[in-house]
Amino acid sequence: MPFSTWQSSLIAKGSLILCFGFTPVVSAQFSWQKENKNNQIGDFQLIPHTCVMEKQQTTCTRELTITFSSHFPKAICIYSSLSKQPITCTDTRTKHVVMHSIDSSHDITFTVFDSQSNTEIAKKTLEVTQFRPVTKRIKRQYGIGLL
Amino acid sequence: MIMGKMTVVFAAVTMLAFAVQTKAEAEYITTQDWNFSLSFGYGELQNPIGNTDNVTLYALPNVQFYNDRFFIDNTTVGYSLFENNHLYFDIIGQLNDDGLYFNFEDFGVLSAIGLDAARGIDLPNIERDISYLGGVGLGYLWHDTLISMTWLNDITNTHHGDELTVKVGRQHNFGETQIGLNLSATRKSHDLLRYYYQIEQSESVIFAGTYVPESAGINYQIHFTIDQPIGRGWFLTGALKRTFLSNQISDSIIIERHHIDNYFAGVKYAF
């Protein structure tokens, strides 16, 4: 059954652990689930789902763990928005795990295609951001002129 | 009425004087965030000039933005040449208060935010321009108390005068209630006072006689604020400022007060 006929019921859950300091590392977990009318679920995860650059850095370098799992065995190809070539194409199984290194200054979108039907079955974006520490300054207390 | 206001101020001074030291979060502001709030309620700005009505306030905006160096604090803008957790040195620009008294009815920004600038009697021939001042500010945060000094000179070629202000201010959290208190003294130069408060015979249609300030003068101010959160983004808010005018101002034949009381009370929404 083509995944393009799936109903768009999305369940998102995630957690984010930010490691502040000089290591531009974000450990995170995010799952994105699609559910079709036969209650089949495909679970697409990027770990981490955010990459944080230090103040001096212009690109973010990380190794991602990309995981796609489904109730029924599937052959898939995973693409990133940085290339027209697939990151990987796997044989038929229920769980697919890929380690992938990135070096980018912009967000990267990862897309999972069903190899048999060549249809998009999952998509997730890795957010690339600049580390911006919370800073505080002395409040000057000038007030509103006459008041 | 005035005694009541002063009672509140003295109570605040006492509370702050005996306040237990807590972390000085109230003395700092987060950078890169616009802090904008709008208050609705009732207030009054007294105009020290005779034969004028006080100005009624129904709304009061408050805007602050600080980035790494630059800041906007309502009518004050500045650029910090140096700052650490306790000390800062700024270049600043600030609106002069004196010119506002002569131009309430023309000051569109105030009218737009709800100021009722109706005068009892118009002031024929007494025209003074609003001036903007530029200079430097130095501040030191000592045990949650901000001690600051600003020196500002006329940069609008209006009166060629200057102001020197020394201020001691403190903001303190009592539970969720934030109370602020500022005490200040401002020396206004002879040139500034002559421009605004010297009266020539040709201007004395209503006010008989002439007046020439003899020297520079010092105004003293006490400023009290309170914010009590009542809901998500909403606060009960109040502000009271009393300005004791220098003799060089209050002796002017157009001035009918020795001090000015400005206040506002209402609810505030912080965006």
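1. Let me start with a pair in chain A: A:E120 and A:K123 form a salt bridge, with their closest N and O atoms 3.9 Å apart. By salt bridge I mean a side-chain nitrogen of Lys or Arg within 4 Å of a carboxyl oxygen of Asp or Glu. A:E120 is partly exposed at 32% relative accessibility, and A:K123 is also partly exposed, at 38%. The cut-offs here are under 20% relative accessible area for buried, over 50% for exposed, and partly exposed in between (1.4 Å probe, protein chains only).

2. Keep in mind that this is a predicted model, where local features need pLDDT of at least 70 and side-chain atom pairs count only at pLDDT 80 or more, while totals for chains, interfaces and linings use all residues; side-chain values use heavy atoms, with hydrogens and water left out. Residues are numbered from 1 along each chain as its sequence is written, and chains are lettered from A, with ligands numbered from 1, in the order in which they are written.

3. Now for a pair across the two chains. A:R140 and B:E83 form a salt bridge with the closest N and O atoms 3.0 Å apart. This one crosses from the segment after β11 (136-138) of chain A, where A:R140 sits, to strand β5 (residues 76-83) of chain B, which holds B:E83. A:R140 is buried at 1% relative accessible area, whereas B:E83 is partly exposed at 23%.

4. Within chain B, have a look at B:D98 and B:K188, whose side chains meet in a salt bridge at 2.7 Å, N to O. B:D98 is in helix α2 (residues 98-101) and B:K188 in strand β10 (residues 177-188), so the pair ties together parts that are 90 residues apart in sequence. Both ends are buried: B:D98 has a relative accessible area of 2%, and B:K188 has 6%.

5. Back to the cross-chain pair: A:R140 and B:E83 belong to one network with A:R137 and B:D90, joined by salt bridges that share partners. Over all chains, the structure holds 10 salt bridges.

6. As for chain A overall, the secondary structure is 0 helices and 11 strands (DSSP runs numbered from the N terminus: H or I of at least four residues for helices, E of at least two for strands). Buried residues make up 44% of its 147 residues.

7. On contacts (heavy atoms within 4.5 Å), chain A has 54% joining residues at least 24 apart, among those between residues at least 6 apart in sequence.
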